[in-house]
Amino acid sequence: MTTRLADIAAQAGVSEATVSRVLNGKPGVAATTRQSVLAALDVLGYERPVRLRQRSEGLVGLITPELENPIFPALAQVIGQALTRQGYTPVLATQTPGGSTEDELTEMLVDRGVAGIIFVSGLHADTSADMQRYEQLRAQGVPFVLVDGFSPKVQAPFISPDDRAAMALAVTHLVSLGHTNIGLALGPKRFVPVQRKIEGFVRSVQEQLGLAPADIEERLVQHSLYTLEGGQAAASALMDRDCTAIVCASDMMALGAIRAARQRGLEVPKDISVVGFDDSPLIAFTDPPLTTIRKPVPAMGQAAVRTLLEEIGGTPAPHSEFVFMPELVVRGSTASAPGDRNRP
């Protein structure tokens with residue numbers, strides 16, 4: 001191995017330590033130097049490590065958390081169609097409870113020589129996760145784009161909805177209907193989209209209802225899981241605090257909130273209003289049809305593909321966040337607050 005490193009270093013005109021860093025996918029090596037080492041490998045007849053082989057033009061990895069929430073298949077479909085139109089084949093890799101982790105799926109895709117990877121709601125959204133994994137991926141020369149989540153520690157393009165603006169839309173709608181006790185049901189606080197939704201919610205409730213920020217976050221914000229059962233549990237806690245309206249961080253949570261209301265003998269929206277988030281497929285046909293904040297899935301999916309293909313093509317997009325404006329879709333799950341029925 002020492003002889004081999006010395007040969008490659010001499011051929012490339014670099015140190016053996018630099019050759020070792022390139023072969024092991026370590027960061028801190030200039031792109032031109034990395035190419036010189038790879039060229040030296042080829043010239044000397046050494047086989048490149050799997051992760052350093054020429055990447056297929058045809059495959060692009062897409063890693064999603066799960067497919068039970070319909071917003072993820074919807075986003076995967078948009079991304080898949082956009083990739084196919086550009087001549088690429090999407091490879092969908094899905095995390096499942098007790099199954100493969102994001103890191104394992106990433107390694108699997110890299111071993112198969114994908115041209116790039118799109119991460120949806122991945123560890124980049126988790127403030128407790130180690131962001132070094134993305135720098136290691138970049139060191140291996142794999143372009144990637146991160147959707148739904150942001151970290152200043154990762155030099156990459158991010159694609160996000162405006163979570164703060166989404167909460168302002170929901171709160172403004174409910175206040176216009178006479179609601180003054182509005183709750184927010186959402187996932188664990190360590191996630192960036194959750195933190196942003198709380199910021200937007202607290203600011204809007206403070207501005208429109210005059211409540212103190214500390215009181216809002218302590219009394220009107222309830223953390224749970226991004227599932228139907230999670231929404232049900234969070235809504236029950238908020239109804240115990242006399243909330244007449246609940247904003248949920250996903251449509252699945254909103255369906256759970258409606259279930260919780262019905263278990264108490266309450267009618268939606270007569271007794272309590274519910275707002276979802278995503279506007280995932282079929283949500284317009286629930287009972288009642290769900291008022292929700294529509295996530296701009298087509299625009300976000302197409303932007304993710306366009307940005308990734310620019311990275312693959314050697315003209316990287318700015319290492320910044322592209323933020324897309326959501327839209328309020330009013331349907332049948334919101335109405336005037338109880339005791340305020342004379343409002344138009």
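**A walk through the predicted model**

Helix H8 gives the most to the lining of the largest pocket, with 3 residues; helices here are DSSP runs of H or I with at least four residues, strands are runs of E with at least two, and both are numbered from the N terminus. The model is predicted, so local features need pLDDT of at least 70 and side-chain atom pairs count only at pLDDT 80 or more, while totals for chains, interfaces and linings use all residues. Residues are numbered from 1 along each chain as its sequence is written, and side-chain values use heavy atoms, with hydrogens and water left out.

The lining of that pocket has 36 residues, and Pro65, Glu66, Phe72, Ser121 and Tyr226 lie nearest the centre. Two or more lining residues come from each of helix H4 (71–85), helix H8 (192–209) and strand S9 (273–278). A pocket is an open set of points on a 1 Å grid over the protein atoms alone, where a 1.4 Å probe fits and protein lies on both sides within 12 Å along at least five of seven lines, and lining residues have an atom within 4 Å of a point.

The largest nonpolar core has 42 residues, and Leu184, Phe201, Ile246, Cys248 and Val274 have the most contacts inside it. Such a core is a set of buried Ala, Val, Leu, Ile, Met, Phe, Trp, Tyr and Cys residues joined through side-chain atoms within 4.5 Å, where buried means under 20% relative accessible area (1.4 Å probe, protein chains only). Apart from this core lies another, of 24 residues, with Ile71, Val78, Ile79 and Ala115 among them.

Leaving aside neighbours within four places in sequence, Leu184 is in contact (heavy atoms within 4.5 Å) with residues including Met167, Phe201, Leu220 and Val247. Thr64, whose place is in strand S1 (residues 59–64), is buried, with a relative accessible area of 1%. With the neighbours within four places again left aside, Thr64 is in contact with Leu92, Ala93, Thr94, Gln95 and Val120.

Helix H12 (residues 297–312) has 16 residues and reaches 22 Å from its first C-alpha to its last, close to the 22 Å expected at 1.5 Å a residue, the expected span being 1.5 Å times one less than the number of residues. Just after H12, Gly314 takes a positive phi of about 90°.

Taken as a whole, the chain has 12 helices and 12 strands, and buried residues make up 50% of its 344 residues.
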